[in-house]
Amino acid sequence: MAFHHYVLVCGGTGCVSSKADDLFGELAKALDQEGIRDDVQLVKTGCFGFCEQGPIVKVLPEESFYVGVKPADAAEIVSEHIVKGRQVDRLLYKEEDSKVHAKVDDISFYQKQFRIVLRNCGFIDPENIDEYIARDGYLALERALTGGMTPDDIIEELKESGLRGRGGAGFPTWQKWGFSKAVEADQKYVVCNADEGDPGAYMDRSVLEGDPHSIIEAMAIAGYTCGADTGFVYCRAEYPLAIHRLEVAIKQATEAGLLGDNILGTDFSFTIEIRLGAGAFVCGEETALLASIEGKRGMPIPRPPFPAVKGLWEKPTVINNVETLANIPVIISRGGEWFAKVGTEKSRGTKVFALTGKIKNSGLVEVPMGTTLRDIIYNIGGGIPDGRAFKAVQTGGPSGGVITADYLDTPIDYEHLQELGSIMGSGGMIVMDEDDCMLDVAKFYLEFTVEESCGKCAPCRVGGRKLYNILDRMAKGTAEEEDFGRIEDIGQAMKRASLCGLGQTAPNPVLSVIKYFPEEIGAHVKEGRCPAGVCKGLIQYYIDPEKCIGCTLCARRCPVNVIAGERKEVHVIDQNGCIKCGECFDACKFGAVIRR
Amino acid sequence: MAKMTLDELRKLRESKKKELDLRSPDNKSIHVVVGMGTSGIANGAKKTLQAFVDELSDQGLTNVSVRQVGGMGLDFAEPTVEVAVPEMPTVIYGNVDEEVARKIVRKHILGKQLINEHIYDRPAADIVEGTE
Amino acid sequence: MKEVNCTINGVTVTVPQGTSILQAAKTVNVNIPILCYHPDLPAWAACGICVVKIENSPKMVRACATAAGEGMAYITHDAELHQVRKTVIELILSTHPNSCLTCPRNQNCELQRLAADFGIREMPFEMNVPEIEADKSTPSIVLDPEKCVKCGRCVAVCQGMQDVWALEFIGRGDETRMAPAGDIALNDSPCIKCGQCSAHCPVGAIYEHDHTRAVLEGLRDENRVSVAQVAPAVRVAIGEEFGYEPGDIQTGKLYAALRRLGFDVVFDTNWAADLTIMEEGSEFVRRFVHGEGEIPLITTCCPSWVDYMEKYYHELIPNFSTAKSPQMMLASMAKTYYAQKIGKGPCDIFMTSVMPCTSKKYEIARGDDMYSSGCQDIDYSITTRELARMIKSAGIDFRNLPDEEVDEALGIYTGAGTIFGASGGVMEAALRTAYHLVTGKELEKVDFEAVRGMEGVKESVIDVEGTEVRVAVAHQMGNAKRVVDAVMEAKRKGEDPPWHFIEIMACRGGCIAGGGQPYGATDEVRLKRIAGIYRDDVQSTYRCSHHNPQIKAIYDEFLGEPLSEKSHKYLHTHYTPRPIYSK
């Protein structure tokens, strides 16, 4: 028989360190004392991602959410709530306006996540069209086609919603559709950009895998609005599951008459084909993407003309990325006005971020625009693991920049991020802690853009390589002061004279670390020192003779055998052969291996 | 599926809505929902799914439906599994390997007890519920 | 046409809608620096040097690829633009070998000029020059990717203008390079050796195979009679190397220069063009009037077109004129007819041709028919550019040379011969003579303007005493497809051919803008060279090939009549299907 109550105690590291174990014991004791141990199950859970307020206790089925619970509070929760059915108000989570919240869904931390794009992900079977339909799927298409909505009505609805492109610069979606609709042409196309390529970003993949019909429906609506009868999904071949789910979904939608000729008995016909990309980052740039669909080498071409006017095979082509499209059925079925209530003045709706790096709860989060970085990192992501200090967060991937602790309370939207020298980008969010070297971070992103440059335009192709070489010299201690001037010159040339967004934004990571971490970068160049101890060319490991007891462990771990010393005698590292892998440092149990 | 008319689409939506609603804890059947996005599968979700199927059949349980969905967003705790048993709170388990999957069948579904250390939480309230 | 008004550096400009900022600036005498842009090609927008500012906008746009917009205010030069452009040039220079002194483009290089204009005195960035071996596999052109600045012109020419698709970018990031698609040898690729890539390359990354040394060696051999021939298009372009205007006719100075270089005898390919007309014109009459052989007849003077056809359209081999090109006809006659005249054997003649063309280097060894005299009919073929270098290195003061006469035997030519140098010329020359061959009468007006000019495909219907002759002329290889596909379509359907006679030339404007001509050909230059060609035609004593006394002489003395057995032995050739990719 099921229990009457379940008491969930957060067992994440954060909560454990704040005495969750003691609390657990006290709760058990209290249940025993009340004699209701058999009616209540006491459960340890994984992290709820609300570590700042830990330890957390959640009581089901009431879903009461107690925060900051101390072992001494255990008896009261049991006697009051479980036995008498009265919630312990003083422990319930309170928002700043001091309204008391009892249920999880009411707590704004959970409302800080707000699922529009991910509405069906993890809820429906993506390979079963019926489940999508049951969640009001294809309702928007139905409205558009049979509910008397004209293409202009749809554009008006999008305008009211304030939806902006989620892939990069945030161009208003209604305008894009409007441009395409306004052009007279015998053929038009709709393209879904599913060429997600930022390191650490995978929200588009998750949508395609979890809710492929939402993309199909949105593309059909776009086709109806702009006058296109053919759509392409350009998806990278590294996403086999997403492609499979999409194929299944297209097949089902076609069989159900939601794609194909005369959809729902109307004059509107629309088909979708999948085109696979070979995983070139630049193919996420819309003109390069179109070239790739046409079978050409994926290289950007200058805009204007914009693809909405002259795109695929020179025909008007609307290109939206996956996340943008996923919003559209909701906007059409619930109305632009409803959508516009979410988010900030200029940035409406939600944004999905892929939260990774030095973060406890890595994963996909969807938050209303305007949510602060602090909320995302600390309240949703659970903060930095292992008690390390937050150093910076990178948004916008290789096109973005780092944001420091000083700016954690910045509300996230297109404009604010740009002011900080970063961009929204597709939504990668990588958190760094004090062990990360910012020079190394910039070097990582630059290496990515250098490798992913299409090689077409000189500023990006050559400038990126030169910038990388300079950072590499800095990391090895061979850079000179003049290199800062070169970075400035190259950075300007790349920003101003590169052809596409990839090149124009490629210097951002470098420029932003120089701006926000001048001392750290300066230490590499002026003092030949890497403060975070990351840049191998600048660190040395040596053994403190005072602390070494001659256990030989470091010598045995050393992969290149450059640590010498007899048992019970002080060991010495031969600096000439050391590859700075840090094995000895990690191995020594006596703190005798020093890194400097 | 044959091509649908508008009426058929509407009827299907209504009838399926009810079916999906049946997944709420109040109904009588039991649902196991495995997150099968790339991150889930990369962390062994396929084995987890198989373990559920095997264990359910070993235990002779026929009133349990095992389904797959896309990723739930809790990538740090993959594979993730949602379990809905009547008269028990619906919970999401994380880090569900084959052994945990078998434990869930035996302890949660048969024993009506939640499993320690593996409960995580739904990342967000689902906001798109009906459009009216 | 709709016009837009904008300002360039504050000066108001009115230009037709769609005009690029680059072109708009030119109208007010502002030259925005460029590297990758070429007026023949759509703006590729790669180099980033032509960026300009829009007032009140933080962005810079590419002047080559951005249309001037109504009401916009552009700034084309200021300190910031200078700095950005200079950095970009420095970046490009850091990947380009510092070997100007030994480069074929020394003093004629667009990158060198930019470096000079921007006063670049030091290299702020470390050098990263790729090490890639040059591709010398074709007899015509050399690819030297180390020098490539990735401007994309060669690729656009090869794929766009020429529709050949031999060249492509391969690799990514800073390992991007131009190469034959699939990274195979150029000679194994679909390359048709037209050399338009080399004519458009802004630097020395693609250039003609240089045979000047071999020619000089040959001239030292006192046992052989050295004979030069010079093609129609050379005379209206070589002057550009010595400060003359494009289109200035330099025939007399050319003959003089060749003699000063040491050639014993100077002939003119124009004479052989007249001979070609006799053979090809007769061939047309035989096919068209007598029904012996396939119609349409397609000209074969252009070896790049022949190569293209053998690779892509070998079904049309029966439609090809079997007449050799003028270059090969002259060589064959020089080593047989002329050799006999002076009491020499074929191999005692050392034959050099001066051509506007890189493909002619390929043609001289194209097949066994090119050895009709018993040894290789042409020893070396050099381009106009190579001849100019030889003249300069020999210290010949070209501008002050007296005009000299040709050696008459294979040298006297008619206006019909000279117009071979321009697109439509072969057709026009053939019509002048074919009319006579069919009707026995002479034309009152020999000009066929409809087949002249820069239109990609030119069509005309000629009334030959009540019989309609439909002709088509295409130039720039990519335009051939339109004509040839229509012929193939009619063939498949068993319909009447859309035309009876077709001329195709691989290069835009014809041989006057061949791959071996002086650098800098644009349509403006092409039109001037073409004008020169037609001036030479009008100035000629005779304007129809069948009036050439030296042509009459060779038939009387040696060949008998057109299409005779002897003609076939020396003046005709065969074609063979070739794979597009050799391996």
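1. Helices here are DSSP runs of H or I with at least four residues, numbered from the N terminus. Before going on: this is a predicted model, where local features need pLDDT of at least 70, side-chain atom pairs count only at pLDDT 80 or more, and totals for chains, interfaces and linings use all residues. Residues are numbered from 1 along each chain as its sequence is written, and chains are lettered from A and ligands numbered from 1 in the order in which they are written.

2. Helix 17 itself (residues 549-559 of chain C) has Ile551(C), Ile554(C) and Leu559(C) as its buried residues; buried means 20 or more other C-beta atoms within 10 Å of the residue's own, exposed means 12 or fewer, partly exposed is in between, and C-beta atoms are placed from the backbone. Looking down the axis of helix 17 of chain C, the buried residues fall within an arc of 60°, so they line one face (the arc is taken over directions from the helix axis to the C-beta atoms). The face turned away carries the exposed Pro549(C), Lys552(C), Asp556(C) and Glu557(C).

3. What covers that buried side? The cover includes helix 8, helix 10 and helix 18 (565-571) of chain C. Contact here means C-beta atoms, placed from the backbone, within 7 Å.

4. Helix 8 (residues 269-288) and helix 10 (residues 326-341) of chain C pack at about 100°, with axes 8 Å apart. Axes are lines fitted to C-alpha atoms, for helices over the stretch in contact, and angles run from 0 to 180 degrees between N-to-C directions. Helix 8 of chain C contributes Thr269(C), Trp271(C), Ala272(C), Ala273(C), Leu275(C) and Thr276(C), and helix 10 of chain C brings Pro326(C), Gln327(C), Met329(C) and Leu330(C).

5. Thr276(C) deserves a look of its own. This residue of helix 8 of chain C is buried, with 31 other C-beta atoms within 10 Å. Beyond neighbours within four places in sequence, Thr276(C) contacts Cys301(C), Ala323(C), Pro326(C) and Met329(C). Its C-alpha atom is 9.6 Å from that of Gln327(C), 51 residues apart along the chain.

6. Finally, the interface between chains A and B: 59 residues of chain A are in contact with 47 residues of chain B.

Conventions: Helix = DSSP H or I, 4+ residues; strand = E, 2+ residues; numbered from the N terminus. Contact = placed C-beta atoms within 7 Å.
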